[in-house]
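Visitor: I am new to this structure. Could you show me how to read its features?

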Amino acid sequence: LIADVGLVGLPNAGKSTLLRSVSQAKPLVADYPFSTLSPNLAIVRIDEQASFCMVDIPGLIEGAHEGKGLGLQFLQHVERCRVLVFILDMSGEIPPAEALRQLLRELELYNPALLERRRVIALNKIDLLPEGTGPDFAPPAGERVFRISALAGDGLPALMKALYRIVMEESGGKDGQAEGSGDPPA
């Protein structure tokens, strides 16, 4: 296990910005793809007693399962995460539904068991959408979806609390609370 939570997305989806916004980590953040070439680990603190480890995994591209763009190395990092967060760029050139399809396909072609991991979807960069418009994204049935702006901080507390609860459930915590750790604030 490399981390409790792995951030999965296409290049430049905002994974490093999210990690920077919710932890003390200072990964390189740039306005161009492939700025992250190796995973960045950080501890996300919910409160004084509740925390989990999160990793920013470099962006996956089509063909990653065949080794394209160091994809096999990046997919090995995904494999070592307990919970996955799919970061989808709401302002990007690739529509969020297509980005999610592409990411799920790469995981399935690499290791179908990865599709069984607990996951949530984070629709990022909502602050860049035109005023009064909602995201053009219909989530697959049963998926938990959070609207966030990693840069502005919008929606991050709710996402982090939900991730903490999922991590505790996945690690054998009782009623969402691991032995010796505190419940996150409501």
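Guide: Gladly. A salt bridge is a side-chain nitrogen of Lys or Arg within 4 Å of a carboxyl oxygen of Asp or Glu. This is a predicted model, where local features need pLDDT of at least 70, side-chain atom pairs count only at pLDDT 80 or more, and totals for chains, interfaces and linings use all residues. Residues are numbered from 1 along each chain as its sequence is written, and side-chain values use heavy atoms, leaving out hydrogens and water.

Visitor: How many salt bridges does a search of the whole structure find?

Guide: The search finds seven. One of them joins the side chains of aspartate 4 and arginine 82, at 3.4 Å from N to O. Aspartate 4 lies in strand E1 (residues 3-9) and arginine 82 in strand E4 (residues 81-89), so the pair ties together parts 78 residues apart in sequence. Strands (E, at least two residues) and helices (H or I, at least four) are DSSP runs, numbered from the N terminus.

Visitor: Is aspartate 4 buried or exposed?

Guide: Buried means under 20% relative accessible area, exposed over 50%, and partly exposed in between (1.4 Å probe, protein chains only). Aspartate 4 has 16%, so it is buried, while arginine 82, at 24%, is partly exposed.

Visitor: Where do arginine 101 and glutamate 98 lie?

Guide: Both are in helix H3 (residues 96-110), three residues apart, about one turn of the helix. Salt bridges with shared partners join Glu62, Glu98 and Arg101 into one network. Between arginine 101 and glutamate 98, the closest N and O atoms are 2.6 Å apart.
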